[in-house]
Amino acid sequence: MTMQLAQRHHMDAILSFAEDNARVGHLPGELIGRSWKRCIHEYGLDPCRPRNARIVTHQTLREHQDSVDEFLNVARAGVDQLYGMVAQLGYVLLLTDHRGVTVQYLGDKNSDRRLRQAGLYLGADWSEQYAGTCAVGTCIQEQKALTCHRVDHFDATHIELTCTSAPILDPFGKLLAVLDISALDSPHARHSQTFALNLTQLYARMIEDAYFLRRYRNQVIFRCDASREFVQVNGQYLFAIDDNGRIEASNTAGRALISDTPAAAESEGRPSLTQLFECQLRDIWSIPFDQEDQVRAFRHQSSGDTFFAALVQPRATLARRNRDEAPEVLENVPRLDALAADDPVMRRTLGLARRLRNRDVGLLILGETGTGKEVLARAVHDSSHRSKRAFVAVNCAAIPESLIESELFGYVSGAFTGARAKGMRGLIQQADGGTLFLDEIGDMPLQLQTRLLRVLAEGEILPIGAQSPVRINCRVIAATHQNLEELINKGAFRADLYYRLNGATLRLPPLRQRADRQHVIQSVLKNLIADGGLPDVRIRADAMSALLAHDWPGNIRQLVNALTFAEATCDGREITASDLPEECLSCHPLFVGGRDDVTSGSNPLLDALNEHHWNISRVARHFNVSRPTVYRWMNQQGISSPRFLGHSPD
Ligand SMILES: Nc1ncnc2c1ncn2[C@@H]1O[C@H](COP(=O)(O)OP(=O)(O)OP(=O)(O)O)[C@@H](O)[C@H]1O
């Protein structure tokens with residue numbers, strides 16, 4: 001049969017399948033059949049109009065590659081190995097991002113023209129929406145490994161190809177990339193590709209696990225397998241765990257094991273290894289890191305099967321051995337010690353901060369507004385060997401988007417109209433040798449996230465307009481009140497930047513949940529008195545019980561304001577309940593505004609802005625929140641100051 005005739009038959013087969021499922025020509029399997037239907041009914045593709053391969057422009061390709069930069073570095077070794085195995089058999093290898101654009105490619109230079117024409121090339125777009133049913137596009141839609149063999153393809157121009165793809169997922173189960181091997185010609189029998197499918201799946205899993213191990217290299221990883229001999233070399237299940245054995249992330253096999261274990265799958269919050277296996281925390285921490293025989297057996301909670309486990313030591317050696325028996329004696333670090341008394345979450349946070357203060361792992365501080373994220377970041381800096389150098393705090397929510405790039409990276413003279421004649425050293429450069437604190441990191445625009453990632457990965461910055469990069473050595477501490485994992489899922493935050501910033505997470509609990517509230521209240525008052533050079537003042541029991549009962553939506557910042565007010569208004573040197581601001585005695589509703597309110601003219605934020613003549617500091621005090629929070633609300637509601645000329649209005 002000529003190629004043209006074969007293509008004609010193929011178009012007829014697809015049309016008749018789409019119309020009535022009639023058995024004309026090739027009848028696709030279930031998964032391919034679903035894809036054909038999507039192509040016709042959802043994407044409106046016409047099987048009678050074959051399309052040329054689409055290769056994206058160089059610039060677009062660069063953007064797609066940037067978005068998986070760190071992943072590509074990890075994947076490289078696996079990709080090279082797999083290609084080495086299949087090149088002789090006439091396959092090319094494609095690695096695409098989660099949108100189906102080929103970001104890495106290995107193929108035979110001698111067949112370059114034919115391969116490019118067929119779309120087996122760097123930059124080729126293999127999304128199902130464009131290319132129709134194909135291994136990569138359908139793998140993205142179905143999140144399953146598959147072979148799309150010859151006439152399985154939707155587009156008649158592809159019916160001589162055989163393509164096999166497997167998904168690569170990130171540690172949260174989200175599609176990260178697709179690994180594909182394809183050949184221009186192949187035997188007709190589909191089972192000729194069974195080996196290709198198994199091999200591609202195996203390498204996809206190896207790359208996925210390599211990425212997982214890299215992502216969590218600063219954390220303890222519990223690795224297990226049904227075979228004792230394989231745990232160390234290739235244990236199937238990976239779990240990144242915290243000090244309490246809670247699972248922060250797992251690989252695909254690990255997530256499947258959690259779903260098969262009701263106690264773990266149904267646990268509130270993060271499941272723990274003790275819900276997955278019949279064991280206690282001390283059994284896990286008793287696995288030695290650095291001895292020959294470091295494997296222990298555990299019984300799976302629901303199946304009773306035996307699993308053999310080893311611990312992968314974190315690079316920043318965070319773990320202590322035999323924790324329950326020999327709790328670590330933590331050295332005194334006054335700046336950090338002063339931040340809390342006896343609260344379990346704070347104890348853990350400060351313990352981690354102490355251990356990591358002199359290491360250059362990225363720290364991510366999570367906590368509601370006003371919980372003291374900047375105070376903690378400063379305390380880490382002041383307790384570290386970098387304390388003599390600068391601590392530069394950048395509030396990503398407060399700098400207008402148009403200025404963030406020049407503020408952060410700086411520029412050389414004449415870089416753009418309006419630039420200072422001498423150029424400007426950016427904030428990152430100012431932090432050289434010291435600590436760069438990126439507050440409200442969740443508000444950083446995506447394009448700058450990519451540039452920041454490069455700075456972190458390469459240790460150098462390129463000021464705007466500069467010809468050569470400048471080397472930078474600063475420790476980065478980031479903070480946010482937002483849920484970055486959710487932002488990643490929405491595509492608003494780069495997963496690779498998140499992993500790089502998050503060498504360790506320091507959680508700051510809201511004030512209302514802290515067991516040491518009384519200590520915080522006393523130490524805030526002590527600071528106020530010391531800073532203002534005031535005579536001593538004490539808090540009477542009725543005031544203390546009101547302060548302890550309040551829910552503090554603005555956290556410690558609100559407490560500072562409340563005590564400042566009470567100290568200034570109290571009679572004598574004693575604060576009583578009646579000296580406290582009214583909001584501390586009743587429930588102060590958390591501010592929430594909406595765009596609709598703005599247009600109807602009854603927006604409390606807008607009212608406050610007008611009342612305070614757009615002075616953001618005063619508005620922040622009005623709501624007992626920080627200035628960045630007010631900027632964030634303004635951003636969310638599309639409100640900008642009439643006086644705003646590129647700098648904050650106050
Ligand atoms: N442990 C503490 N003792 C005394 N005062 C504190 C403590 N922690 C924070 N504060 C005070 O609380 C206020 C808020 O702290 P900080 O700015 O660090 O919070 P934040 O979490 O970074 O806020 P935001 O999310 O709004 O940026 C500051 O006035 C700070 O001095």
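Tutor: Keep in mind that the model is predicted.

Student: How do you know that the length of helix 4 agrees with its number of residues?

Tutor: Helix 4 covers residues 69–86, which is 18 residues, and at 1.5 Å a residue they should span 26 Å. The C-alpha atoms at its ends are 25 Å apart, so the two values agree.

Student: Which residues of helix 4 are buried, and what do they pack against?

Tutor: Phe71, Ala75, Gly78, Val79, Leu82 and Val86 are buried. The buried residues of helix 4 pack against strand 1, strand 2, strand 5, helix 8 and helix 21.

Student: Why is Ala183 called buried?

Tutor: The cut-off for buried is 20 or more other C-beta atoms within 10 Å. Ala183 has 20, so Ala183 is buried. Ala183 is found in strand 5. Leaving aside neighbours within four places in sequence, Ala183 is in contact with Gly90, Tyr91 and Thr162. Ala183 and Glu160 are 23 residues apart in sequence, and their C-alpha atoms are 8.7 Å apart in space.

Student: Why is Trp614 called partly exposed?

Tutor: Buried needs 20 or more neighbours, exposed needs 12 or fewer, and partly exposed is in between. Trp614 has 19 C-beta neighbours inside 10 Å, so Trp614 counts as partly exposed. Trp614 is found in the loop between helix 27 and helix 28.

Student: What is the phi of Trp614?

Tutor: Trp614 has a positive phi of about 60°, although Trp614 is not a glycine. Most residues other than glycine have a negative phi.

Student: And Glu440: is this residue buried or exposed, and how do you know?

Tutor: Glu440 has 24 C-beta neighbours inside 10 Å, so Glu440 counts as buried. Glu440 lies in the loop between strand 15 and helix 19. Glu440 is not a glycine either, and has a positive phi of about 55°.

Student: How do you know where the buried residues of helix 2 lie around its axis?

Tutor: The buried residues of helix 2 are Ile32, Ser35, Trp36 and Cys39. They cover an arc of only 100° around the axis, which puts them on the same side of helix 2. On the other side, Glu30, His41 and Glu42 are exposed. Just after helix 2, Gly44 takes a positive phi of about 65°.

Student: What makes a set of residues a nonpolar core, and how many residues has the largest one?

Tutor: The largest has 71 residues, and Leu179, Phe222 and Phe239 have the most contacts inside it. Helix 8 gives the largest share of this core, seven residues. At least three residues of this core come from each of domain 1 and domain 2.

Student: What does Phe222 touch?

Tutor: Not counting residues up to four places away in sequence, Phe222 touches Phe239, Ile241, Leu273, Ile284, Ala309 and Leu311. Apart from this core lies another, of 60 residues, including Leu376 and Ile404.

Key:
Residues are numbered from 1 along each chain as its sequence is written. This is a predicted model: local features need pLDDT of at least 70, side-chain atom pairs count only at pLDDT 80 or more; totals for chains, interfaces and linings use all residues. A nonpolar core is a set of buried Ala, Val, Leu, Ile, Met, Phe, Trp, Tyr and Cys residues joined through C-beta atoms within 7 Å. Helices (H or I, at least four residues) and strands (E, at least two) are DSSP runs, numbered from the N terminus. Domain bounds come from an automatic or database domain assignment. Two residues are in contact if their C-beta atoms, placed from the backbone, lie within 7 Å. The expected span of a helix is 1.5 Å times one less than its number of residues. The arc is that of the directions from the helix axis to the C-beta atoms.
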